[in-house]
Amino acid sequence: MDKDKILKEQVQELDLDEIIAKYDKESNYRKLSGIQLKIVTALAIMFSVFQLYTAIFGVLPAQLQRSIHITFALVLAYLLYPSSEKMSKHKMHWLDVVLACIAGFVGLYIPFNYHALILRAGEQNTTDIIIAVIAVLFVLEAGRRVVGLPIVIIASTFLVYCVVGPYLPGFLNHRGYSVARIVSHMYYTTEGILGTPIGVSSTFIFLFILFGSFLDKTGIGKFFIDLANAVAGKAIGGPAKVAVLSSALTGTISGSSVANTVGTGSFTIPLMKSLGYKPEFAGAVEAAASTGGQLMPPIMGAAAFLMSEFIGIPYGSIAKAAIIPALLYFSGIWIMVDLEARKTGMKGLEESKLPKLSKVLGERWYLFTPIFVIIYMLMSGTTPIKAALYGIYSSILVGMIRKETRMNLKSLLQALETGAKSALGVAIACACAGIIVGTVTLTGLGLKMGNGLVELAGGLLLPTLFLTMISSLILGMGAPTTANYIITSTIAAPALLKLGVNPLTAHMFVFYFGIIADITPPVALAAFAGSAIAKSDPIKTGINASKLAIAAFLIPYIFVINPQLLLINTTGLEVIQITITSLIGMFGIGIAMEGFIFGKVNPLIRLIFMAGGLCLIDPGVYTDMAGIIAIGLGLAYQWFKYKRTTAKSI
């Protein structure tokens, strides 16, 4: 049978909706029709219009903006997401309609009683307390439906902690709070559900998700895939390199590792398998590359905006700091894919079946314009809200260049609807995470956890980093990017701050490990989604993905010890030097992990390559010299060994 026919059949066999529904709950919403579809569509469009209106004409006072934002999110969540798998995915249940109405009433209680609530701040009446209790319960239930159990379990545990504090030992002990005090803090202050996370969701994040929706209408996704195929398709191990490149491009504007894995993996994974890659490796390449999209500027899964708010650093500084680590991450995967392909003798795709680079760029180069607009405006110090608005404007204008991407009223409304639905997961996750943040502000748990980790590590930096890494990996399991960062930065980062680590460095450290939880077994959602497409063993796929993403496990340690890797206190010349030496270092680490260069590498030489690679990634004159010598000696040994073997075979 023809290889193209086999590949086509493999793709057709995949039930992508089922895979996304299984591993990405945010995408598992009802597919409605008739009047029910019209109602939900109208609400979603109203949600987007509200966000655009406040972005253009001025954001409302914090509690008003945030409560209206969460009201839309809760109502849509109950209408779109069934309470169990047994319920219909094609029509609303009457109970969900009732719950949506209650959610709307509870959410709008603050806007309708805004001035009265301000006047009796701290002295809520019985009605206020009942509404707050319902609000907390409804947020948790919406979190279970939309995001999944992990974040709900964590948030619920924190709520229980507010009550049982007096009975806990050691640093976990606190005086305890009444239910009324807890729910009031969670719902009527800007330190709980309506805190910073939902504040950022109701302004920056929603607009960037909407930007992605408008950008999708221009055909940017297909452009990225064609571009990746044109650049890397015919290279050794072409499909795997296409997966790395396309995932790096699309992942930076995508808010989900799982959705990105399924989206690009639906064609890259069957391609890899058709050329002879093992299913576990094919699924792992796509999962590791797609997860890395959350680490890639300019948007970084929207967590960069939260980081900016949390530590008070301009967004541009955070995006700039993330550039070299992200470059090393994808370079590491690319190098290991190349070495694996050479080791196993994998070829690239036939050039005749690939799009030509000159044609792809010649016909569609202008599709890069909205992304360049976003990057330029963010880096020039423009507010994220304004940058996102101009990104949306430019995507509409760019779409008008060609007839097939020109937006009419119908496609404009579709973009507004899709953007609102895509934002639900982030909004609900931020609301749940707000409960965690609220517990920390109420009880002082963050500082206590930081002190506890430092004490457990004996006050030493490296053991504290290790314990913080483990905490971040556990806390990040099963949580979307934004909630992931909120949890890890609230619970794990204080330990590093306690030891005097730079705030940006500490937050980037926990952010990295929280994201890598998506490919780290046992709960590796992106790797499991990749394995479902590849029809491979999920755990083996996760192990392979973790191996490919080795850079993400090493680099955070290095930038804590030497913040120059994050471009902190560096010069232009140092940046060039750090970039070049770090890339050579990743080459050395890739050889050590794959055990191949010119031929099989023995364990001792692999250790030399690993040591040399680590020295080069750690900026410094002496470490760079040691790294170059080690890798140089390793390459020389392997080359002469290869030449001798070749000569004997002749």
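Buried here means under 20% relative accessible area, exposed means over 50%, and partly exposed is what falls in between (1.4 Å probe, protein chains only). The model is predicted, so local features need pLDDT of at least 70 and side-chain atom pairs count only at pLDDT 80 or more, while totals for chains, interfaces and linings use all residues. Residues are numbered from 1 along each chain as its sequence is written, and side-chain values use heavy atoms, with hydrogens and water left out.

Leu 567 sits in the loop between H28 and helix H29 (572-594); helices are DSSP runs (H or I, at least four residues), numbered from the N terminus. Leu 567 is not a glycine, yet its phi is positive, at about 60°. With a relative accessibility of 15%, Leu 567 counts as buried. Phe 598, in the loop between H29 and helix H30 (603-617), also has a positive phi without being a glycine, here about 65°. Its relative accessibility is 35%, so Phe 598 counts as partly exposed.

Next comes helix H27, which spans residues 538-548. Its buried residues are Thr 541, Gly 542, Ala 545, Ser 546 and Leu 548. Seen down the axis of H27, these fall within an arc of 160° and so line one face of the helix; the arc is that of the directions from the helix axis to the C-beta atoms. Among the elements covering them are helix H14 (279-292), helix H16 (315-344), helix H26 (525-534) and helix H28 (550-561). At the start of H27, a side-chain oxygen of Asp 537 comes to within 3.1 Å of the backbone nitrogen of Ile 539.

Two helix pairs were then looked at, with axes taken as lines fitted to C-alpha atoms over the stretch in contact and angles running from 0 to 180 degrees between N-to-C directions. Helix H9 (residues 179-188) packs on helix H20 (residues 409-443) at about 120°, the axes being 9 Å apart. H9 and H20 are therefore oblique to each other (under 35 degrees is roughly parallel, over 145 roughly antiparallel, 65 to 115 roughly perpendicular, and the rest oblique). From H9, Arg 181, Ile 182, His 185 and Met 186 meet Ile 435, Gly 438, Thr 439, Thr 441 and Leu 442 of H20, contact meaning heavy atoms within 4.5 Å.

Helix H23 (residues 481-491) and helix H25 (residues 503-516) pack at about 130°, with 9 Å between their axes. H23 and H25 are therefore oblique too. On the H23 side the contact involves Thr 481, Asn 484, Tyr 485, Thr 488 and Ser 489, and on the H25 side His 507, Val 510, Phe 511, Gly 514 and Ile 515.

Gln 65 belongs to helix H4 (residues 62-80) and is buried, at 1% relative accessibility. Its side chain makes a polar contact with the side chain of Thr 54 at 3.3 Å (a pair of N or O atoms within 3.5 Å; within protein, one must be able to donate a hydrogen and the other to accept it, and residues adjacent in sequence count only if both atoms are side-chain atoms). The Gln 65 side chain also reaches the backbone nitrogen of Leu 60, at 3.2 Å. Leaving aside residues up to four places away in sequence, Gln 65 touches Phe 50, Gln 51, Thr 54, Val 59, Leu 60 and Ser 202.

How values were computed. Helices (H or I, at least four residues) and strands (E, at least two) are DSSP runs, numbered from the N terminus.
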